[in-house]
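Hello,

Here is the structure I promised to pass on. Please open it first, then read my notes below.

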Amino acid sequence: MKFSLAVLAILSIYLGGCAFSSISHGTEITEKELANIKPGVTTKKDVYRTFGEPTKSLENGSLLFFSWTRGDQQAFMGMGATDTETKSLMIEFDNENFVKDFRLTRGSPVGSN
């Protein structure tokens, strides 16, 4: 009986120091949505309609960034590990507000926090 209580006490301390959580920031952009971006055809208005407000805008709106992060956090007794992936979609517009170029990259846009 004493052994069972000791094991129960140790397990309570051990498991009490564990924490797991899911990380999710931003709206992930699907392959189907990316396929609909056509340079010279898709307008800035189309991009806002499809993706909403950008995460970041540079050069008077001629560069828009959309970022999202997905992953997991784990902690045990004050020590933790994070396994996340951040992606950014960069869209560049020409002087007439048509998509000039776009690319999907890993990581956050330059200068974001």
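What follows is a short tour, from the whole chain down to single side chains.

A word on the source: this is a predicted model, where local features need pLDDT of at least 70, side-chain atom pairs count only at pLDDT 80 or more, and totals for chains, interfaces and linings use all residues. Residues are numbered from 1 along each chain as its sequence is written, and side-chain values use heavy atoms, with hydrogens and water left out.

The protein chain has three helices and five strands. These are DSSP runs, numbered from the N terminus: helices are H or I with at least four residues, strands are E with at least two. The order from the N terminus is α-β-α-α-β-β-β-β. Of the 113 residues, 24% are buried. Buried means under 20% relative accessible area, exposed over 50%, and partly exposed in between (1.4 Å probe, protein chains only).

Next, the core. The largest nonpolar core holds 12 residues, among them Ile-29, Trp-68 and Leu-89. Such a core is a set of buried Ala, Val, Leu, Ile, Met, Phe, Trp, Tyr and Cys residues joined through side-chain atoms within 4.5 Å. At least two of its residues come from each of α3 (44–51), β3 (63–76) and β4.

Look at α3 next. Lys-44, Val-47 and Phe-51 are buried there. Seen down the helix axis, the buried residues of α3 fall within an arc of 55 degrees, so they line one face. The arc is taken from the directions from the helix axis to the C-beta atoms. Lys-45 and Arg-49 are exposed on the other side of α3. Gly-52, just after the helix, has a positive phi of about 80 degrees.

Now the rings. There is one aromatic pair. Rings of Phe, Tyr and Trp (its six-membered ring) pair if their centres lie within 6.5 Å; planes under 30 degrees apart are stacked, over 60 edge-to-face, the rest tilted. Phe-51 and Phe-66 have ring centres 5.5 Å apart and planes at 50 degrees, so the pair is tilted. Phe-51 is in helix α3 and Phe-66 in strand β3, so the pair ties together parts 15 residues apart in sequence.

Finally, find Thr-86 in strand β4 (residues 79–93). Thr-86 is buried, at 18% relative accessible area. Its side chain makes a polar contact of 2.9 Å with that of Thr-69. A polar contact is a pair of N or O atoms within 3.5 Å; within protein, one must be able to donate a hydrogen and the other to accept it, and residues adjacent in sequence count only if both atoms are side-chain atoms.

Best wishes
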